[in-house]
Amino acid sequence: MFTLAEVASLNDIQPTYRILKPWWDVFMDYLAVVMLMVAIFAGTMQLTKDQVVCLPVLQSTVNSKAQPGTSGKADFTTVETTTAQVEEASMRTVSFGSAPTVTPDVPLSRATSPQFQPTESGQELKKEQKDSLGRKTNLDFQQYVFINQMCYHLALPWYSKYFPYLVLIHTIILIVSSNFWFKYPKTCSKIEHFVSILGKCFESPWTTKALSETACEDSEENKQRLTGAQSLPKYVSTSSDEGSPSANTPMITKSGFKFSADKPMIEVPSVTILDKKDGEQAKALFEKVRKFRAHVEDSDLIYKLYVGQTVIKTVKFIFILCYTANFVNTISFEHICNPKVEHLIGYTQFECTHNMAYMLKKLLISYISLICVYGFICLYTLFWLFRIPLKEYSFEKVREESSFSDIPDVKNDFAFLLHMVDQYDQLYSKRFGVFLSEVSENKLREISLNHEWTFEKLRQHVSRNAQDKQELHLFMLSGVPDAVFDLTDLDVLKLELIPEAKIPAKISQMTNLQELHLCHCPAKVEQTAFSFLRDHLRCLHVKFTDVAEIPAWVYLLKNLRELYLIGNLNSENNKMIGLESLRELRHLKILYVKSNLTKIPPNITDVAPHLTKLVILNDGTKLVVLNSLKKMTNVAELELQNCELERIPHAIFSLSNLQELDLKSNSIRTIEEIISFQHLKRLTCLKLWHNKIVNIPSSITHIKNLESLYLSNNKLESLPAAVFSLQKLRCLDVSYNSIAVIPAEIGLLQNLQHFHITGNKVDTLPKQLFKCVKLRTLSLGQNCITSIPDKVSQLLQLTHLELKGNCLEYLPATLGQCQLLRKSGLVVEDHLFDTLPSKVKEVLNQDTSIPFANGI
């Protein structure tokens, strides 16, 4: 038997999962409990009182009567009861501890007569019973007990004996079937997670208090934008006592935010709506809902399992009804028993009565009635399951009532669970839908962000950059805090990895702001903010993954001076450059593009007449088409780095105003085209470093105005005399080549101020080198130099001397005559510095206190 605790444990899931129990499941659970009670009651009655009472059928009576048609239909009026029968009946009555039972084989006159007293065999009956008829049997009490036990198993139909246990088994199967989807490993984790999230969403302060207040702000903003005549306090007060947003509760009316262009901001202390703890919990709920949706929407196992268990219950109902109905008539009070033990008791046939027959029959009819009701509910459940597509759920009604137009429809198991919740209470779905809305999430983020990033905290993050400008760098925030726009003295604003960045009209307060960085941050601006940026912004850095991330308003900043674009402009998906027209950028002077271009975008030519500097840094993609460079007649600085160029592009020779050319990190092997640079009269700086150049042609002498020549990290083995004919040369960098000799002609470069020959094979220094008295920087490290001539003292303007990595044994004492040289500018090994005289060391160490003095 089951204890009450074990029976009660079957319904332990009810409090947890009640929101997923529609009315038919709840009703079927109650029916199952009633059926369980019927089984327990019938089983208890059967164990305590169930028995049969049998009397023998005398042979003479059997022969004088017609054979009975059916079991339990024989006429017992002719059977006479003897004194022994009465005595046996009395003894059975005593043995079972109950009142005497009147059986059909005893005549009515005998049933109403008083108790017989036991007498000896052959004693006469009392006077009032002399008229009664009966027959004597030769059975004692033990034989009657034996016959009763045998006939209980032989005469009774099996259903009369096992009916309570079958009811119990069927009921348990139905209970298990009803709750199987809550316990199946593949579904229970999802259901538990869903119920947990749903409960937290229902009770979250964001859905009760904060949501209505923030919705009022947006409603007020929209109304001010449309009418411009309403005041804020009229719509700020809302009722926080309501359990969920209703039709008359102001809600956010649009999926995206649109700030008013007339007013910079709405003066509402939104940070007081949610405290920090509630805000963090609400943000965590949004993340949980997002992940749960992604996990559950990809399958429909819960739906199939629920349909399967409903079909099983329906089939079970049909099966129980079919076979049970056939056994209703088999439960009878009277039965004929033929135990075939005549050799023991002398009788072949017995008439038996089943004392629990009427009770069991009534319980069976009650059970069939319950099963019928249970089955009709199962059929209704199947009708509900297939009447509408339960694997799709639309929040259309919720969107209408809550004014959230961006709540997405859901599918599969997620949709089915919401349909089940609606059967319990649609209020759950309404409140849960709030956490599927991006508008709601963005508003929550904005409130939490403003609560966390106050003006004082932002002020602590402001720093000074290399240009001595006040700079603020915000990284990986959910949005741009409102307090940022109160930093009116800010010069540079960097926004990085802020996908929901919005620039309101308050930015117009930042009159010093001239430089803006958007790193993977497709910022949105309202009209008033755009007007301010269009008139005041001078420098814009945009870093992106795809060209579609570049905000459209960037192309309309007519007063922009510098534009830096870093990202993929040659998207394989588009098969073309995605830049929009730049012709509106009429004042753009500097364009910096770091990408993977195969050609210069035609749209760049829209601003070609205005550009003075063009920088293209490729990622190693070969830049093939360069004809559009010819249109950039005003370009003074041109950088084509890492573009896999093998020769100097001919289009460059048309840039008559070019002053600086940088072809760093390409694959240039020969520079014979350098003769065409004679047409570039203004060219003063030529950077051909990090290439594969083997020699320098003598035609380099035609670049008369060249002042800086960078040839480091190439494959040069010598320096031709033509290089030293460039009288205006002030900087010569030939570091990290294979040069073994510094030509004596170097003394001709009287204007040379910076000479770098680090990382070569030089072993001696020509005396003519020290005729370049204007030298300030002399880099001779990582060579094979064995000694430094004393004439180094002639370099009176020398401030930096690199000698580390040579074969020097000592340093000349004349270094002390280099008046501007200090120890910080002398790069040598420590042991070489120790070879200098102490006085020279003192002179070189004089700079140790100077930086501190200057710093103070």
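Is the disulfide of cysteine 151 and cysteine 337 left-handed or right-handed? The points below take this up, for a model that is predicted.

1. The torsion about the S-S bond of cysteine 151 and cysteine 337 is about -90 degrees, so this disulfide is left-handed. Cysteine 151 sits in helix α7 (residues 141-154) and cysteine 337 in strand β2 (residues 334-337), so the link ties together parts 186 residues apart in sequence. The sulfur atoms are 2.0 Å apart. Cysteine 151 is buried at 1% relative accessibility, and cysteine 337 is buried with a relative accessible area of 1%.

2. A disulfide also joins cysteine 54 to cysteine 352, with 1.9 Å between the sulfur atoms. This link is right-handed, with 110 degrees about the S-S bond. It connects distant parts of the chain, strand β1 (residues 52-56) and strand β3 (residues 350-354), the two cysteines being 298 residues apart. Both cysteine 54 and cysteine 352 are buried.

3. The count comes to two disulfides. Counting bonded cysteines along the chain, the pattern is 1-4, 2-3. Cysteine 807 is in no disulfide, and the nearest cysteine sulfur, that of cysteine 784, lies 5.5 Å away. Cysteine 807 is partly exposed, at 45% relative accessible area, whereas cysteine 818 is buried at 0%.

4. Helix α9 (residues 185-203) packs on helix α17 (residues 412-424) at about 55 degrees, the axes being 12 Å apart. That angle makes α9 oblique to α17, and the crossing is right-handed. Lys190, Ile191, Phe194 and Leu198 of α9 meet Asp413, Phe414, Leu417, Leu418 and Val421 of α17. By class, this contact has seven nonpolar, two charged and no polar residues.

Terms used: Residues numbered from 1 in each chain as written. Predicted model: local features only at pLDDT ≥ 70, side-chain atom pairs only at ≥ 80, totals over all residues. Heavy atoms only, no water. Axes fitted to C-alpha atoms, helices over the stretch in contact; angles between N-to-C directions. Helix = DSSP H or I, 4+ residues; strand = E, 2+ residues; numbered from the N terminus. Parallel < 35°, antiparallel > 145°, perpendicular 65-115°, else oblique. Left-handed = near helix turned anticlockwise from the far one by under 90°. Contact = heavy atoms within 4.5 Å. Nonpolar A, V, L, I, M, F, W, Y, C, P; charged D, E, K, R; others polar. Disulfide = S-S within 2.5 Å. Buried < 20%, exposed > 50% of the residue type's maximum accessible area, 1.4 Å probe, protein only.
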